[in-house]
Amino acid sequence: MSETQKSIPIGKLLRAENGSFVAGCRVRELDTPALGALVKVKLEDQSEIYGLITNILINDDSLVRQLVSGVSIPTEYTADNRYNRNLPVEIHVLTVGYAQNGQISHRLPPRPPLSLDELHLCDEKEVRCFTSLNDQAYLRHILRLLDQPVEELLAAHFSQAKKAHETGDDTTWYEQACQKLITLLRDDYQRLTNVLDVLTELERE
Amino acid sequence: MPINYASVEANAGRYAQQAQNWLLESRKTASQLEQLFCQACSDPQRLRQMIDLAQESLPKLYLAKPLQEDPLASFSLPALPANYTLLTADGSQIVPSRHRALQFGLINIGILTVRFGSGQPPAIKLISELLDHVETFRDDGSLIGDDDIALVRDLRERSLIREGISPDLPRPVLTITDGPLDIFYRSDIQGKKAQTAQKEVYQLDQQLEQEGILSAGYIDKPGSAMLHNMLDVFNQVQGNVPLQQKSKKIRVSDRLLLADRIAPGDRSALFEIISKRREDTGNRLRVAFFYLNVSSTRAHPWLARVEIPYWISQQPDLVALIHAVLYNDAQVLDSHPYPYSLHRAHELAVVKQAEYEEIENLLLSKLSEDSNITGYRSNKDYLKGLK
């Protein structure tokens, strides 16, 4: 049994299209997924769809809205709303590639995953494998995003991927990925400056 | 068009005027009763004797009887204990309908157990019970109705609460249900069935008393006029008029009579419910009550009736505990104060139409192909479902 099959699902698919999908999970399961993390969904035909977490959404409902305006809420009732009530946390994922017959591609998959398919977090080995292929072509999917904090997403993803590569004794990945970004953004000076700013901040940490 | 709005509109003004007149008349009566209330309560002992007299001479009765506290007094909010358990239950039901493909009854009960002081989320339990086929018919062969199934649900709520109390729950333990504590109010249930149900409630309460478990029934926006009925008796005895049941159209609710007397967070004095029907037996739960102003502002009093077993009413520290717990629980939803735990139990239990149909399909799938049960809805029900 592979590492992937053993991993614990962090959520189940709520809705999907080719370019993105949304999974739901309970608050209890929320300590695992993080912004920018590489995740995957395994389909029935054994192919896998890869994605990056672009947003984590905490939903509300009319009772939560009532409670928010209340003077004081006992700890037990806060816990009730977080852990007992049926309000899934939504994990929004940007599709960045897929794997079929063991071959990873950074193109969009032929079809999206289906509702209730399980969402898994990729381990460091998988992160190294996916992010080093095809000259980091998957980064183009991120740069296509509109109305989203792309710089922050890149910083979060680079931070996790850099760590995974350094654990595998690869110290060159980060520099190559930065070069790729510079190439992709060569005609958008303002955006490139923003991205480089946030990556500089990341390097200082 | 679902409603002929033009026709409704034509009568709307008249209706509004009638409602306004009714309110003014109620307020006028309430104002008259205010004086009578003070007069009657100036000598609670004498008032109690008058009520005893009415209890002996009238065949049917539903009124308030002052207990040991000054009936005109109100009592401020006591402090909450650091640790206690709140156990609430609420239920909903599916009533058998001859128009559906299958006639079946179901009760669905949600139970919430909150260990205050633990910081842990409440334990939730959902019990769904399909009634046996024979239980869906009355003795005369007709299908059971709303009241019958509500009685089954109420009794089951009480017994499930009893089963939910384990020794490891932090004491004190308070159990709450929505609605009156006794079940006499279901007027359609009479005869032996009513007596059996009352006996069961009585026995459950005796068990709870032995174990020191507290229970309360919470009635939001109560409409009863037990104080008005009490003052009618006082007036008749005072004026040497033969005792008789009044059947006036305008009954001033206890809520209206007490609204300005109880500050936010305070409760009224304790009263006992004196209810008597022709077929009552001895094994009947004695119930006391107080009104609780669950509002947080003086400008908008919101009175709920809290019913407790009589034995609790005789122990001021237990009454104080129930007062504090219910007010604080209602304040969690302070813009529309109502106990959070009861709301959650209701949220757990409510059966939606889609679930009704799911269960119906499940039951139909269990029938063999050669079954003579048609599995067809009535044509009327089918056509009603057209969109």
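**Entry 1: B:Gln55**

I began with B:Gln55, which sits in helix 2 (residues 44-57) of chain B; helices here are DSSP runs of H or I with at least four residues, strands are runs of E with at least two, and both are numbered from the N terminus. This is a predicted model, so I kept in mind that local features need pLDDT of at least 70, that side-chain atom pairs count only at pLDDT 80 or more, and that totals for chains, interfaces and linings use all residues. Residues are numbered from 1 along each chain as its sequence is written, chains are lettered from A and ligands numbered from 1 in written order, and side-chain values use heavy atoms, without hydrogens and water.

I looked up the cover of B:Gln55 and found it partly exposed, with a relative accessible area of 30%. For the cut-offs, buried means under 20% relative accessible area, exposed over 50%, and partly exposed in between, with a 1.4 Å probe and protein chains only.

Next I checked contacts (heavy atoms within 4.5 Å). Leaving aside residues up to four places away in sequence, B:Gln55 touches B:Leu61, B:Ile274 and B:Lys276. I also noted a C-alpha separation of 19 Å between B:Gln55 and B:Asp43, which are twelve residues apart along the chain.

**Entry 2: salt bridges**

I counted a salt bridge as a side-chain nitrogen of Lys or Arg within 4 Å of a carboxyl oxygen of Asp or Glu. How many salt bridges does the structure hold over all chains? The total is 27.

I looked at B:Glu69 and B:Arg267, whose side chains meet in a salt bridge at 2.8 Å, N to O. B:Glu69 lies in the loop between strand 1 (61-66) and strand 2 (74-75) of chain B and B:Arg267 in strand 8 (residues 267-268) of chain B, so the pair ties together parts that are 198 residues apart in sequence. Both B:Glu69 and B:Arg267 are buried.

I then found a network: A:Asp61, A:Asp80, A:Arg85, B:Arg344 and B:Glu347 are joined by salt bridges that share partners.

A:Lys40 counts as buried at 2% relative accessibility, and A:Glu48 counts as buried at 11%.

I also looked up A:Glu124 and A:Lys163, a salt bridge at 3.9 Å, N to O. This pair links distant parts of the chain, with A:Glu124 in helix 4 (residues 124-132) and A:Lys163 in helix 6 of chain A, 39 residues apart. A:Glu124 is partly exposed at 31% relative accessible area, while A:Lys163 is exposed at 54%.

**Entry 3: helix 3 of chain A**

Which residues of helix 3 (residues 75-84) of chain A are buried? I found A:Glu76, A:Tyr77, A:Ala79, A:Asp80, A:Asn81 and A:Asn84. Their cover includes helix 2 (62-68) of chain A, along with strand 3 (84-94), strand 4 (106-116), strand 5 (123-130), helix 8 and helix 9 of chain B.

**Entry 4: a buried charge**

I turned to B:Asp334, in the loop between helix 8 (316-331) and helix 9 (340-349) of chain B. B:Asp334 is buried yet has no salt bridge, and the nearest side chain of opposite charge, A:Arg65, is 14 Å away. Lys and Arg count as positive and Asp and Glu as negative, with His and the chain ends not counted. Not counting residues up to four places away in sequence, B:Asp334 touches A:Ser69, A:Gly70 and A:Val71.

**Entry 5: backbone checks**

Most residues other than glycine have a negative phi, and most peptide bonds are trans. I noted that the peptide bond from B:Arg171 to B:Pro172 is cis, with omega near 0 degrees. B:Pro172 lies in the loop between helix 3 (146-164) and strand 6 (173-178) of chain B.

I found that A:Leu116, not a glycine, has a positive phi of about 75 degrees. A:Leu116 is in the loop between strand 6 (103-105) and strand 7 (118-121) of chain A, and is exposed at 62% relative accessible area.

A:Asp147, not a glycine either, has a positive phi of about 55 degrees. I placed A:Asp147 in the loop between helix 5 (139-143) and helix 6 of chain A, where A:Asp147 counts as exposed at 84% relative accessibility.
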